[in-house]
Amino acid sequence: MRISALTIAGSIALSGWVISPVQAQLPIPGLPDVNIPTPNSLKQPSEDAVVSKCIRLDGRCLFEIAAPTSQLPQRIQEIEQRLQDISRTYFKNENAELEIRQELDQQSNLPEIYISLLDEQGDLLKEVRLMSVTNQDAQLTEVPIETRADEIIEQLEQQLPQAKQERQPDVLTNRVVIAVGTGVAMIVASLLISRWESRLKRSKQLLEPSQSNTAPISTQLHQNQQRNVKEVLHRLLQLTQGVIWVGGSLFILSLFPYTRPLQVLILASFRIPVRVGIVGLGSYVIIRLSYALTDRFSSAIARNHLLTPESAQRAQLRVSTVSGVTKNIITLSFSAIGLLVALAAIGIDIGPLLAGAGIVGLGLSLASQNLIKDAINGFFILLEDQYAVGDVIGVGDVGGFVEKINLRITQLRDAEGRLITIPNGEVRIVANLSSNWSRADLNIPVTYQADVDKALELVRHVAHEMVMNQMWRERILDQPDILGVDDFGDRGFIIRVWIKTQPLKQWEVAREFRRRLKAAFDEAGIRLSLPQQALWFNNTLPMQSLSNGHSNGNSHHDSQPKYAEID
């Protein structure tokens, strides 16, 4: 986990170093002062609103100017064009000296900045009027207009010689060496991360659940927790891999004055996708970490040693169900929050959006009362532990194994393999066949010709032998109850037996008990009853056809009916 923390911290730090906005224009070695707009600056201002923007040289921000929205692009273009014109001449003449001054314009009464180039003898090579300093420019730093002009001159006197110095052969050679070293470091770091990622992927595959996973719920939850943590690390390693290549490439572009404008263009073009991507990745990481915390908490509850075996088994089923529902709620909640944060990050005012969403939600709540009913009923099903994933229940005319439950629906799998989906609002009366314990209810038909006491004694003997068997003793919770002769039916008398079993084991126990009892009855000569019919014959009916002409006048006709039983 210590390595995991270092990975997370390194990814966040590296991401912030590459794409964080430089609000205070702090000098960072090797990187230009890139002023990426904040979310508020991404909003579309009105044409009369005063906005500010940087004047750049070789992609580096020299100073900021301000103007109305409709006039700012033209003013920036004119100033940068004049600056590039004088800079080209300044860079070509190695011995040219730079002179920057301000003069007061008599008509506008505004200070104007002039840039002059002088040769070794002090003669004028070239001069250009760079710009006029306006009151709006001065309001950016809240200083007098003359002071603002001096600040701009000071920035120009620092940045222009630095830009000229960057174009010297020895400096370019050093930058090439740095670029090559950065590229090699990127490749080495990428290979190390790829190797670590492949090892993490192999360990993650070992934790993948199999289709026939019979491990305890606590073990499964612990495996889910480790799998979620490794998934977060996997994504962070992928992020680190991308940050290394993107950040390293941007760093190399920033080393040279000829490629630095491309770096600024890339940052300006991808600022919105980068912000949305960071918000999306952050939401994903938070969701996965929440999954891990949920599994950790659920696993601790499932391993509670203070619970009885029956309560512990029931608690594991309930924990598994509540854990799944909690993860669904976490996913929906953080996805919605991430969407709102992403909209705010790209400059959209989410206040009216939230108000509109509230009105729409009110309308949907009135039109979707069944959904609200389902959610409320689903909440109480979980709260009251009416049933959980893994139970066998009956709801109305359907029943089956509970495969999935959330706040809206319950899904059952019946004996024929059909998946039955029931809205939770329709669950009014539910029969849970596996809550805490189950019961095998056996009705044993025995023929009327059998000895009742002998049959009962044989049933008790078979039940006792089954309980003493080690394999079946784990499934049977208590001594079977031989209730005795429960009914007289058309097939014989019915012996009723109750066997208390582990949840969902009643069918296995009942099948084994019937098999053993059938073998014992066959050995004792006791027949299980079969469907029977009783026929009555009346001898007063004509019997001539039956005597085939052998009857005589002295024959005696019995008037009593004859009874015959046919199986």
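## A hairpin to start with

Strands β6 and β7 make a hairpin, with two residues sitting between them, and G396 in that turn has a positive phi of about 65°. This is a predicted model, so please read every feature here as part of a prediction. β6 covers residues 392-395 and β7 covers residues 398-405; the two run antiparallel and are joined by four bridges. To find the pairing by eye, look for V395, whose bridge partner in β7 is V398.

β6 has another neighbour to visit. Strand β10 (residues 430-432) pairs with β6 over three bridges, again in the antiparallel sense. Here I393 is the residue to look for, as it stands opposite N432 in β10.

## A three-stranded sheet

Now move to an open sheet of three strands. In what order do its strands lie? The order is β3-β4-β5, and the pairing is antiparallel. β3 (97-104) and β5 (124-132) are at the edges with a single partner strand each, so one side of each has no neighbour in the sheet. On average, and ignoring direction, neighbouring strands of this sheet are turned by 20° against each other.

Strand β4, residues 111-118, is linked to β5 by seven bridges, and these two strands run antiparallel. A handy landmark in this pairing is I113, which stands opposite M131 in β5.

## Helices on the sheet

Which strands does helix α2 touch? Helix α2 (residues 72-92) packs on the sheet and touches β3, β4 and β5, and its direction makes about 160° with that of β5. Helix α4, spanning residues 145-166, also has a place here: α4 lies across β3, β4 and β5 and runs at about 170° to β3.

Who takes part in the contact? On the α12 side, the residues are K454, A455, L458, V459, V462, A463, E465 and M466. On the α14 side, they are V509, E512, F513, R516, L517, A520, F521 and A524. Sorted by class, the contact of α12 with α14 has 12 nonpolar residues and four charged ones, with no polar residues.

Conventions
Residues numbered from 1 in each chain as written. Predicted model: local features only at pLDDT ≥ 70, side-chain atom pairs only at ≥ 80, totals over all residues. Heavy atoms only, no water. Contact = heavy atoms within 4.5 Å. Nonpolar A, V, L, I, M, F, W, Y, C, P; charged D, E, K, R; others polar. Pairing = 2+ DSSP bridges. Axes fitted to C-alpha atoms, helices over the stretch in contact; angles between N-to-C directions.
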